[in-house]
Each structure stands twice: as C-alpha cells, then as structure tokens.
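This report describes strand pairing, charged contacts, aromatic contacts and a surface patch. The sequence and the model are shown first.

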Amino acid sequence: HSKGSLMRILILAALLASLLVSSSEAVEISNVTIYGKIIMSADYADNGDDGYLGITSSNSRLGFRGQFILNEDYTAIWQIESRVRFDLSGDDFATRNTFVGFTGDFGSIKFGRHDSPYKMSNNKTDAFLNRFGDSRNLIGSFGGGFDLRTDRMVMYESPSVYKAGYKILYKTESGQEGTDLLSASAEYETGGLRVWAAGEIHGKMMTAVNDSTPSEENEFGLRAAAAWGLESWSFFSMLEGIGNFEGLSGVTKYSWVIGGRYYLRDTWNFRAKYVGTTGRSNVDHSGGNMFAASIDHALSESALFFLAGALTLNQENARYNAVNSGLFWTFLPVCLLYTSDAAD
C-alpha cells in the first residue's frame, strides 16, 4: 500500500533524526537558545446584553531550540516549544512547534509538530495575530479547521532562490485512514512587497462529525496573501476560499482581509483592519464582519504596550467570536508583551 510504505519511510527517517540528536557526545553543540513570549491582557467583552471582564494570557510560550553541526554540509536542528498559562493553573509541555530535523544548502526538513504552511501564510500578514482582531476569528472552518498546528508531520522548506521559496507539509494518518493532511505554500519577495499563495487539503476524517463517521468529501482551502511596506506605511491583505466546507460536498465559504499600519514615530504605530466572510453557502445569513484598531507603543526592543478594540457584526445565523448572534465587541485596555527571539 503506497500510504503504508510512505509511513514506514517517514518513521525510519524520524528515528534516524532522533538518534542523531540524542548522540550529543559525538557531535558539536552550538547556538542553544532559550526564548519566550508573554502576552497578558485585561479584557472586556460585551454582546449587547451581557459583558465580562477578565485577565487573559494569549498564546504565551516558552521554548528551547538548538543545533548539532554534523559536517560542513548538514546540521541537525531541534526545538521544543510549550504554551505557558499565566492566567490559569497548569501548563502544556511541547504543545507548540516541536520537532527535530536537518538543514543545509538544500533547505530544511523537519519531523514532529509544526504550524502548517497554510497557517504560516496568514501569520506572516496578520498585524493582529494573537490579540483582539485576529483574522482567525472569522476565516478558516469549524470542523477539522485550517490554520492548524499539525502532529505527526514531515515538512520541507526550500532555500530562497531568486527571492522565492516554498514549503510543503504532509501530516501522516493517526491510526485511521483519512486523518492525513497535505499543505503547501509559495512565497516571493521584491522590494517592499511580499506575496504568498497557499493550499491545503484534509482527509475525510479530518473533518468528520466524530471519530467513526467520515465526511462526504475532502475539505480543501486556497489562500492568497500580500504585505507591502513603505517608509511610514504598511498594508496587508488576504483572500481565502474553502471548498467542501467541513467535508460537505459543494459547500463553500469565502473570506477576505484588508488592513494597514502607520508608524507615528519610531516607538508608536497605529493599526486597523477589516475582515469579512460570506459564511457557509448552505446556511443563509451566516456571514460576518469584523473591524479592529490598535495603538501600539514599544517600551523597548522586547516589551510592547497596546490599546486595542474590535467590533464584530454577525448575521442572524452566525456566531463569529460572539456569545450569541448580533453585535459583539471587545476592548483591550492593557496589554504588556515580552518577547525574546520568539516567532508568532
């Protein structure tokens, strides 16, 4: 069986990578980095009828990464990244991008758990990532989901050639046929313009109603994104189309994002954006719109304060980031962020 053969090859490669990484006495160890990000906020949310005030830790994390120099052509790499909950008791070990792999002139290959290329194409452009106004409140799907961090994956990242590169990821099946996933993206940069194109297809069990009922069809998504920077201005946009939404044959959902950032001074900037979606085509009045704005002040290279607000307008049968249908708005009065060599 072709999938079984591929699975055995991937397992063998992962075991080889693990052996190389564990044999620390036989290789040179260099560039071990401890990094992290703390995002703490005081939040107020209201749907027009009920409101609440809370303290939130949004995707705070702690990570360790390093490399083992094998020879002049190949380097073994590893990373362990965990979510840290500052607002709740307990923590989650190795729940974020955690992998072993190799890098060199050929690019890099990683085995383990990692953001999909489809997800990364949004991360590169969304100026409201991990805060109120995050596009993921409206884009993507609700079932198997997009913008995923995938387990049991192997990913190849090409080197940049003529300012272009690509990524391709395959998530292996997790004990059941139809639980695999294929995701890919391409990127091009010229001057102040960067563009991305990405696609992802889910196995029928990735969008199943439960673990024993496969979906009608494979769900797939296509996305195009761009970011353009000038001296004091930067702009970003994204278009997305999802087919066979939640595995339902012929059901579609389309979304779009447009926004910008203006740098008031070296340490101040203003951000604003709009996100819209048609909702699922088999449910009338399931679309929504979101508006967000933020004023950011960099206290230092590693600390940021921002004041932000978001307004979400749902149609009758929509529930985007809302307690119930109708009006939903959020306001973020205080947020302090600390980062040290940490990706979003």
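Is D296 buried or exposed, judged by relative accessibility? At 0% relative accessibility, D296 counts as buried; the term buried stands for under 20% relative accessible area, exposed for over 50%, and partly exposed for values in between (1.4 Å probe, protein chains only).

## Basis of the model

This is a predicted model, in which local features need pLDDT of at least 70 and side-chain atom pairs count only at pLDDT 80 or more, while totals for chains, interfaces and linings use all residues. Residues are numbered from 1 along each chain as its sequence is written, and side-chain values use heavy atoms, with hydrogens and water left out.

## Salt bridges

The structure holds 13 salt bridges, each defined as a side-chain nitrogen of Lys or Arg within 4 Å of a carboxyl oxygen of Asp or Glu. Side chains of opposite charge can pair when their charged atoms come close. One of the salt bridges involves D296, whose partner is R271, with the closest N and O atoms 3.1 Å apart. R271 belongs to strand 15 and D296 to strand 16 (residues 288-298), so this contact ties together parts that are 25 residues apart in sequence. Strands (E, at least two residues) and helices (H or I, at least four) are DSSP runs, numbered from the N terminus. R271 is buried, its relative accessible area being 10%.

Salt bridges with shared partners also join D115, K119 and R149 into one network. Within it, the closest N and O atoms of R149 and D115 are 3.0 Å apart. This pair links distant parts of the chain, since R149 lies in strand 8 and D115 in strand 7, 34 residues apart. D115 counts as buried because its relative accessibility is 3%. A further salt bridge brings together the side chains of E189 and R194, at 3.9 Å from N to O. Here E189 is partly exposed at 35% relative accessible area, and R194 is partly exposed at 27%.

## Strand pairing around strand 6

Strand 6 (residues 98-104) is mostly covered, with five of its seven residues buried. Which way do strand 4 and strand 6 run, and how many bridges join them? Strand 4 (residues 74-84) runs antiparallel to strand 6, and six bridges join the two; strands are taken to pair if DSSP finds at least two bridges between them. In this pairing, T75 stands opposite T103 of strand 6.

Strand 6 is also joined to strand 7 (residues 107-115), by seven bridges and in antiparallel fashion. G104 stands opposite G107 of strand 7.

## Aromatic contacts

There are seven aromatic pairs in the structure. One of them is formed by Y156 and Y166, whose ring centres lie 5.8 Å apart with the planes at 55 degrees, so the pair is tilted. Y156 in strand 8 (residues 149-157) and Y166 in strand 9 (residues 164-171) are ten residues apart, and the pair links distant parts of the chain. Rings of Phe, Tyr and Trp (its six-membered ring) pair if their centres lie within 6.5 Å; planes under 30 degrees apart count as stacked, over 60 as edge-to-face and the rest as tilted. Y156 is partly exposed at 24% relative accessible area, and Y166 is partly exposed at 44%.

W228, W233, F235 and Y262 form one aromatic cluster. In a separate contact, the charged end of R65 sits over the ring of Y35, 4.0 Å from its centre. Such a contact requires NZ of Lys or CZ of Arg within 6 Å of the ring centre and within 35 degrees of the ring normal.

## Nonpolar surface patch

Y188, L193, V195, W228, L230, W233 and F235 make a nonpolar surface patch of about 630 Å². Patch residues have over 30% relative accessible area and no salt bridge, with like charges joined within 9 Å and nonpolar side chains (Val, Leu, Ile, Met, Phe, Trp, Tyr) within 5 Å. Areas follow the Shrake-Rupley method with a 1.4 Å probe, and for residues only the protein chains shown count as cover.

Strand 11 (193-202) and strand 13 (233-243) each supply at least two residues of the patch. W233 has its place in strand 13, and its 42% relative accessibility makes it partly exposed.
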